[in-house]
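Trainee: Could you walk me through how to read a structure like this, feature by feature? I would like the general idea and then the case at hand.

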Amino acid sequence: MTATVTEAAVAEGAPSDEDLSLLLTIRAFEERLLDLFGQGMLNGTTHTCLGQEYVPVALEALLRPEDHVFSNHRGHGHYLARHRDPEGLLAEIMGRRGAVCGGVGGSQHIRTERYLSTGVQGESLPVACGVALRLRRVSPGALACVYVGDGTWGEGGVYEALNLAALWRLPLLVVVENNGIAQSTPTQRAMAGTIAGRAAAFGIAHERVVGSDLAAIRRQLAPGVEAVRGGAPLVVEFVTHRLGPHSKGDDTRPAGELARVRAADWRAPYAAAEPERVARLEAAARARIEAVVADVVAREPS
Ligand SMILES: Cc1ncc(C[n+]2csc(CCOP(=O)(O)OP(=O)(O)O)c2C)c(N)n1
Ligand SMILES: [Mg+2]
């Protein structure tokens, strides 16, 4: 089987400048997005992935250019990790020239090369199954990677998709961002059993990822992702944390819970280990996003 993961991507130790920059750029982008929203400068809605940025950054090293990515309502990080295009995404969200999708999709509905997001919970899984079936036929070795939240496991379409993925041995990688909450409903109040148990019911392998160390995640997941390419679907459950509100200003969690979530954020260990490097890359990421905002705000409507 062809190796898809570079040695650097799974190397022990500190993340590369590129990885850290990407993490910090996604964070700077979304923090600025919330500012712009507060100033009334954005249309539609927006959901940030603050706290969860490391999930797509870790996975990106395991994906190939020919793979397809399906995203959800909390998809800015998924898009930026895949396409490194903050200008196009901000223009899309603001409805300005150069928007990745003509400015008609906004935050949640992006379609571009091998990438599709939707704000409709559960919609992407059956679609990703269809694409995975096509990939198996015309592009062996390529996979469809689909991001869903824990709350989305309340949608019936998820189980129809898992059934077909198992039955037809589809190259489908289901990435569950289990942040323990769906809007304002804690997962344990809405989900019977476990995600692992639900995957097992279809005979689908399951990996549970705890922690945000990029190299450790990549080492853990590399063999399973390779197996997906050969037709063994996989559910990867990230135990993660939503640092920000569900959307804008709508966080109903108690102060103690928010403190626990902040303490678990990926940024702190990296900043503690290498304060100067993180500060330098963070300043660069913020400066880049400021330049993107200035550029996009000055553009004509799309
Ligand atoms: C079919 C459908 N039902 C309801 C909603 C409204 N809604 C948007 S996000 C959300 C919660 C999703 O929770 P989860 O899947 O855990 O993702 P998270 O927001 O935590 O990332 C809901 C109910 C929707 N977008 N689509
Ligand atoms: Mg959730």
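**Reading the model step by step**

Mentor: Happy to. Let us begin with the record: UniProt, in an unreviewed entry, lists residues 25–264 as "domain: Dehydrogenase E1 component". Please keep in mind that this is a predicted model.

Trainee: What share of residues 25–264 is helix, and what share is strand?

Mentor: The span is 40% helix and 16% strand, and its end C-alpha atoms lie 19 Å apart. Counting over the chain, you will find 12 helices and 9 strands.

Trainee: How do I judge the overall shape? What radius of gyration does the chain have, and what would a compact globule have?

Mentor: The idea is to compare the chain with a rule for globules. With 302 residues, a compact globule would come out near 19 Å, and the chain has 19 Å, so the two agree. Along the principal axes, the C-alpha atoms fill a box of roughly 50 × 45 × 40 Å.

Trainee: And how is the inside put together? What percentage of the residues is buried?

Mentor: Buried residues make up 44% of the 302 in the chain. Sequence separation is worth a look too: among contacts with a separation of 6 or more, 76% join residues 24 or more positions apart.

Trainee: Which residues touch the most other members of the largest nonpolar core?

Mentor: That core has 76 residues, and the ones touching the most other members are Ala132, Ala144, Cys145, Val146, Leu172, Leu173 and Val175. Helix H2 (residues 17–38) supplies the largest share of this core, with 8 residues. Take Val175 as a worked case: leaving aside neighbours within four places in sequence, Val175 is in contact with Val55, Leu59, Cys145, Val146, Tyr147, Val236 and Phe238.

Trainee: Now the ligand. Which residues come nearest to ligand 1?

Mentor: There are 15 residues around ligand 1, and Gln121, Gly149, Gly151, Thr152 and Ala182 come nearest.

Trainee: Let me try single residues. Is Ala91 buried or exposed?

Mentor: The general idea is to count C-beta atoms within 10 Å, with 20 or more meaning buried. Ala91 has 24 others within that distance, so Ala91 is buried. Its place is in helix H5. Ala91 and Val296 are 205 residues apart in sequence, yet 5.8 Å apart in space, C-alpha to C-alpha. Not counting residues up to four places away, Ala91 touches Arg96, Arg97, Gly98, Ala99, Gly103, Val296, Arg299 and Ser302.

Trainee: Where does Ile110 lie?

Mentor: Ile110 sits in the loop between helix H5 (86–94) and strand S2 (111–112). Beyond four places in sequence, its contacts include Gly75, Tyr79, Glu92 and Tyr115.

Trainee: What about a residue in a strand: which residues is Val209 in contact with?

Mentor: Val209 belongs to strand S8 (residues 205–210). With near sequence neighbours set aside up to four places, Val209 is in contact with Ile217, Gln220, Val236, Glu237, Phe238 and Val239. Val209 is buried, since 22 other C-beta atoms lie within 10 Å.

Trainee: And Asp265, buried or partly exposed?

Mentor: Partly exposed, because Asp265 has 18 other C-beta atoms within 10 Å. Asp265 lies in the loop between helix H10 (255–263) and helix H11 (267–273). Outside four places in sequence, Asp265 is in contact with Gly51, His241 and Leu243.

Methods:
Residues are numbered from 1 along each chain as its sequence is written. Chains are lettered from A and ligands numbered from 1 in the order in which they are written. This is a predicted model: local features need pLDDT of at least 70, side-chain atom pairs count only at pLDDT 80 or more; totals for chains, interfaces and linings use all residues. A residue is near a molecule or strand if its C-beta atom, placed from the backbone, lies within 6 Å of it. UniProt positions are given in the numbering used here, feature names are shortened, and annotations may be inferred rather than shown by experiment. Helices (H or I, at least four residues) and strands (E, at least two) are DSSP runs, numbered from the N terminus. A nonpolar core is a set of buried Ala, Val, Leu, Ile, Met, Phe, Trp, Tyr and Cys residues joined through C-beta atoms within 7 Å. A residue is buried if 20 or more other C-beta atoms lie within 10 Å of its own, exposed if 12 or fewer, and partly exposed in between; C-beta atoms are placed from the backbone. Two residues are in contact if their C-beta atoms, placed from the backbone, lie within 7 Å. The radius of gyration is taken over C-alpha atoms; the globule rule is 2.2 Å times the number of residues to the power 0.38.
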